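Here is a short tour to read alongside the model on your screen. Keep the sequence handy as you go.

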Amino acid sequence: MPKSLFWSRTDTAGSEHVLLDDRQGLAAQGVALAVDPIPYTCRYQLTVGADWSTSRLEVAAEGAGWSRSVRLERTGDGWRVRTGEEGDLDAALRAAGHPPAGLPGTDDPDRLARALDVDLGGSPLTNTLPVRRLNLARGPADQARTITAAWVLLPSLAVLPAEQVYTSLGPGRVRYASDSFTADLDVDPAGFVVRYPGLAERIDPR
């Protein structure tokens, strides 16, 4: 993998490190760590086609007494979703005073039919997918595009369809909105997030 990116979380103690190749679509493998709602480690592999639509995402998350996995694969028939679970995440969440997370994956993959992108919770990397696919990093200002993403929650690995709006604000600036949440992202010329207010900031080598 010829590129390495590292983000520090600003909303909680945590970080993300990814190795990637974006010369023909995207191949990436990353590790994300966070302490909220309970401490967990997430490892993922992401494959994106030359048109920058996602073809596969594999995620494994683990913490004290539990581990989960989910695999999303987009085919001509829609999304295939496979999950695995060991231990009891819900028990760990309840012990920490949080509500249970429910099952990983989705009980109805057809709800993801319109999704061309994936959104891994807390990961600035996956914001790059629609930015590159829609050429928003260099697009004219006020160009808004609505997408549906397959949103993978952490640490539960539940998968939900999420309607999101990306708006070009001029070179190097993209607004992300979903429901009532809005954030203006700083991105580099390749569309990778440099600063995501309230979530993460990229740390480059000195």
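## Aromatic residues

One aromatic cluster is made up of Tyr 166, Tyr 176, Phe 181 and Tyr 196. The structure holds three aromatic pairs, where rings of Phe, Tyr and Trp (its six-membered ring) pair if their centres lie within 6.5 Å; planes under 30 degrees apart count as stacked, over 60 as edge-to-face and the rest as tilted.

## About the model

This is a predicted model, in which local features need pLDDT of at least 70 and side-chain atom pairs count only at pLDDT 80 or more, while totals for chains, interfaces and linings use all residues. Residues are numbered from 1 along each chain as its sequence is written, and side-chain values use heavy atoms, with hydrogens and water left out.

## Strands and hairpins

Strands here are DSSP runs (E, at least two residues), numbered from the N terminus, and two of them pair if DSSP finds at least two bridges between them. Strand E5 (residues 54-63) runs antiparallel to strand E6 (residues 66-75), with eight bridges joining them. Val 59 has Val 70 in E6 as its bridge partner. Two residues lie between the strands of this hairpin, where Gly 65 takes a positive phi near 85°.

On to the next partner: E6 is also joined to strand E7 (residues 78-87), antiparallel, by 10 bridges. E6 and E7 form a hairpin with two residues between them, and Leu 72 stands opposite Val 81 in E7.

Leaving aside neighbours within four places in sequence, Leu 72 is in contact (heavy atoms within 4.5 Å) with residues including Leu 57, Val 81, Val 118 and Val 152.

Methods:
Helix = DSSP H or I, 4+ residues; strand = E, 2+ residues; numbered from the N terminus.
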